[in-house]
Amino acid sequence: MAPVCENRAKQCINSNHKINLPSLQHALINRNYAKLWYGQAVSALGDSVFGTTLVLWVSQVLASGRSWAPAAVGGILVAAGAAFALVGPIAGVFVDRWNRKSTMMRTEVIRAAMVAGLTGLSFVPVRDLPVGVWLAAVYLVVFVLNAAGQFFSPARFATTGDVVPGEQDRARAAGLAEATTSAAAIIGPPIAASLLFTVGFQWALAANAASYVVSYVAIRFLRLTPGPRPPAPAGAGESSLHAEFSVGLRLFARNRFLVTLLTVTMICQCGTGAINTLNVFFVTRDLHASSHLFGLAETAMGAGFIIGALAAGRMVRWIGARALTWSGLLATGVLAAAYALQRSFPAGLAMLAIYAMPIAMLNTAVVPLLLDAAPRAYLGRVMAVFNPVNQLASMLSVVVSGWLASTVLRSFHASVAGITLNSVSLIFIVAGGLIFLSGIRAFAALPSVSASSARATSAGRW
């Protein structure tokens, strides 16, 4: 889920001469954000390598040839989801209480230590420990890493707001973060496979542990001005988690901008979640491609995300984050329906990449909107509401779309203007319609950020 400040051009010594790097300085906005970005880039790549490594190791080594292999791999996702659901809502309270730089550093230490522990355990031959012990260790590490991430992510989100003022630069920062994550998702899997099947499981894990160390060092050198402590809830002690979380909920509920933004993103999640879930069936059935080519579809979408994220800062400068939000939703809805009508694999790849671009722009535009609408002292709790609710909407979309395609719409077939529609393509069209409706809702209901920000600041003085 982020100041225009004057920077002197950095110089670095390369061989026997110096090279000025003003363009890199400008691209990364300012020195503090550059440090955040360096840490995120290395950590995101490490996480991508780590996640792919675990899936490959569990499926191809630990549970190879076993009937329960899919369930074992699914357990990794369950462990990550459990951390999100159980820890995410309360993490925001602590993020608002604690020093955010210290919070990020401590979580990186915890995550590095957990991965290092699993790395040490992985030197034990697989056959020397029961499968249940290996799975328990993997699930525990995944849970702790994602639980720590529930503290790290909102702390970094709020810190981005501190070091990058202004809607346009925050959009640029968010675009860089989105592009970095998408690039890591493309680069990480082949690196993971190469490490796993050449140097071994241990060194793939060690790479992720090292990435957390790099992130820690980058954050350690941030220069931040301490912000004001959040006001204590009336009639409640500082130790009352329930009271502080309730204050955050009331602030969220009374802020029209935040409620409207949450509503439209939830509707959008319902549409994009269905497409992400069923896309493998659309590629193999409607686009008539081999399952081995599905990776190209993921790569095309990743490329679209990167292009959209990098272009988002310029778009915010031209039309503003609010306009980019509603227009991006409208464009995404139309493109989702257009993708559902494709029947050629090359054309489908091109449309999928184009469809991903406005989604990345949306993800980028939402960051400055949230940072402007929510009081700084409550950002942790605002994100503790915003992220889990959107995650829940996405999960609901996954379940409903999968159930519809497998039961009620399983035998659906229709022909429209010479194009045959089946259950998956129909769901994609409906999903596009939902996203389009969320764009109409955003256009009609999102108030100006300045007015919303003023109300949010007023509501924060309790």
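Guide: Let's start with how to read a helix pair: a helix axis is a line fitted to the C-alpha atoms over the stretch in contact, and the angle runs from 0 to 180 degrees between N-to-C directions. Keep in mind that this is a predicted model.

Visitor: Okay, so at what angle do helix 4 and helix 7 pack?

Guide: About 165°, and their axes are 9 Å apart. Angles over 145 degrees count as roughly antiparallel, so helix 4 is roughly antiparallel to helix 7. As for handedness, the two make a left-handed crossing.

Visitor: Which residues of helix 4 and helix 7 meet?

Guide: Helix 4 brings K101, M104, M105, E108, V109, R111, A112, V115, A116, L118 and T119. Facing them in helix 7 are Q202, L205, A206, N208, A209, Y212, V213, S215, Y216, I219 and R220. Sorted by class, that contact has 14 nonpolar, four polar and four charged residues.

Visitor: And how does helix 4 pack with helix 5, in angle and axis distance?

Guide: Helix 4 (residues 100-121) and helix 5 pack at about 160°, with axes 9 Å apart. That makes helix 4 roughly antiparallel to helix 5, and the crossing is left-handed. The residues in this contact split into 17 nonpolar, four polar and five charged.

Visitor: What about helix 9 and helix 10: which hand does their crossing have, left or right?

Guide: Right-handed. Helix 9 covers residues 256-286 and helix 10 covers 294-319; they pack at about 130°, with their axes 10 Å apart. That angle makes helix 9 oblique to helix 10. N276, N279, V280 and V283 of helix 9 make the contact with F294, A297, E298 and M301 of helix 10. Count them by class and you get five nonpolar, two polar and one charged.

Visitor: Which residues line the largest cavity?

Guide: L36, G39, Q40, S43, E108, F152, R156, S215 and I219.

Methods: Residues numbered from 1 in each chain as written. Predicted model: local features only at pLDDT ≥ 70, side-chain atom pairs only at ≥ 80, totals over all residues. Heavy atoms only, no water. Helix = DSSP H or I, 4+ residues; strand = E, 2+ residues; numbered from the N terminus. Parallel < 35°, antiparallel > 145°, perpendicular 65-115°, else oblique. Left-handed = near helix turned anticlockwise from the far one by under 90°. Contact = heavy atoms within 4.5 Å. Nonpolar A, V, L, I, M, F, W, Y, C, P; charged D, E, K, R; others polar. 1 Å grid on protein atoms, 1.4 Å probe; cavity = no way out; pocket = protein on both sides within 12 Å on 5 of 7 lines; lining within 4 Å.
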